[in-house]
Amino acid sequence: MHVLSSVLRFTALSLGLVVAATAIASEDTQLADSINVYRSQVQRCAGQASPELPPLTSDPRLILAATGAVDLQQAMARASYPMAHVQAITLNGPRDAQSAMQAIQESFCQVVLNPQFIDVGISHEGRDWRIVLARPLLAARLGSTAEEGQKLLQALNAARTQPRQCGGQPFAATTPLAWNATLASAAEANSRAMANKNYFDHQDQDGHTPGDRAELAGYTYQQIGENIAAGQDTVRKVVDGWLASPGHCANLMNPQFRELGAAYATDPKSDAGIYWTAMFGTQ
């Protein structure tokens, strides 16, 4: 009986630990989800409107101790994360993920809305939280912008063959897009401008919108749309990010679009390193 009693107490303690660990993980996951919902919508931050951003990918290598001083570069090296950029948000006081998100919106909106970041790791202990955002060095070997544009066309057309939910909006499977060289030229110019001038926005630094850029390139359209991405170094990562973002997903699933042009551009001096543009149109 004594042995059985000890086993039961041990089992109860183990279950308690599992429940506690699950609750902590749930709060961390909830905060990551809240950050991604926040990024997926246009926000006002530091007096400017942010673009819709793809979601951050949770990366266990970015989960650091919630308390104490941390040397981020050393921590990334130990975790074998090939860091290009990294930043940590440290919070003390929020009792749960909702309170932590409120603190982030009030004091750190520029960090979580920075398009250069593509990965996130979150930990908390009691009322201490650490949110690490990072972008790895570009690792993929990419083909020419024309080759990758064709891969993007194939991936987007594959996505359009399946019905899907983009946020709260359902879309049926729809027809494939056809490649358009004029849209591709406009997309390449936009990606190159973002990379060389180090910005990320649907309105370029001359004030041109996607519609303006299409017209200047010689594309006469009835409808035009644009998706942009930064930091992702493969077509698959770009498309996965767009499918997880309601606005981007709605663009690529829009049955009224008939044509596509897409391109990427890189600049090692830029914050994100690599920038992508997909222009959707109907003549």
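Guide: Arg39, Leu53, Pro54, Pro55, Pro115, Phe117, Ile118, Phe200, Ala229, Ala230 and Gln232 line the largest cavity, where a cavity is a set of points, on a 1 Å grid over the protein atoms alone, at which a 1.4 Å probe fits but cannot get out, and a lining residue has an atom within 4 Å of such a point. The space in this cavity comes to about 60 Å³, with the volume taken as that filled by probe spheres set on the points, which are joined across faces, edges and corners. Searching the whole structure gives one cavity of 30 Å³ or more.

The model is a predicted one, in which local features need pLDDT of at least 70 and side-chain atom pairs count only at pLDDT 80 or more, while totals for chains, interfaces and linings use all residues. Residues are numbered from 1 along each chain as its sequence is written, and side-chain values use heavy atoms, with hydrogens and water left out.

The largest core comprises 32 residues, and Leu31, Ile35, Ile131 and Leu133 have the most contacts inside it. At least two of its residues come from each of α1 (2-39), β4 (83-92), α3 (97-107), α4 (109-112), β5 (119-125), β6 (128-136), α6 (181-197) and β10 (223-230), with helices (H or I, at least four residues) and strands (E, at least two) taken as DSSP runs numbered from the N terminus. Leaving aside residues up to four places away in sequence, Ile35 touches Leu56, Met101, Ile104, Val112, Ile122 and Ile131, a contact being heavy atoms within 4.5 Å. Another core, of 25 residues, lies apart from the largest one and has Leu156, Ala262, Ile274 and Ala278 among its members.

Covalent links come next: the structure has two disulfides, each defined as a pair of cysteine sulfur atoms within 2.5 Å. In one of them Cys45 is joined to Cys109, with an S to S distance of 2.0 Å, and the link is right-handed, with 80° about the S-S bond. Cys45 belongs to strand β1 (residues 44-45) and Cys109 to helix α4, so this pair ties together parts that are 64 residues apart in sequence. Both Cys45 and Cys109 are buried. The sulfur atoms of Cys166 and Cys249 are 1.9 Å apart in their disulfide, which is left-handed because its torsion about the S-S bond is about -55°. This pair, too, links distant parts of the chain, with Cys166 in strand β7 (residues 164-166) and Cys249 in helix α9 (residues 246-253), 83 residues apart. Cys166 is buried at 3% relative accessibility, and Cys249 is buried at 0%. Counted in sequence order, the bonded cysteines pair as 1-2, 3-4.

Side chains of opposite charge can pair when their charged atoms come close. The whole structure contains eight salt bridges, each a side-chain nitrogen of Lys or Arg within 4 Å of a carboxyl oxygen of Asp or Glu. One of them brings Lys151 and Glu148 together at 3.1 Å, N to O, and these two residues sit three apart in helix α5 (residues 145-160), about one turn of the helix. Lys151 is partly exposed at 43% relative accessible area, whereas Glu148 is buried at 3%. Lys237 and Asp233 form another salt bridge, with 2.8 Å between their closest N and O atoms; Lys237 is partly exposed at 39%, and Asp233 is buried at 5%. Asp240 and Arg236 also meet in a salt bridge, at 3.1 Å, N to O, and because they are four residues apart in helix α8 (residues 235-243), about one helical turn separates them. Asp204, Arg213 and Glu226 are joined in a network of salt bridges.

As for the whole protein, it has nine helices and twelve strands, and buried residues account for 45% of its 283 residues.

Definitions and conventions. Core = buried A, V, L, I, M, F, W, Y, C linked by side-chain atoms within 4.5 Å. Buried < 20%, exposed > 50% of the residue type's maximum accessible area, 1.4 Å probe, protein only. 1 Å grid on protein atoms, 1.4 Å probe; cavity = no way out; pocket = protein on both sides within 12 Å on 5 of 7 lines; lining within 4 Å.
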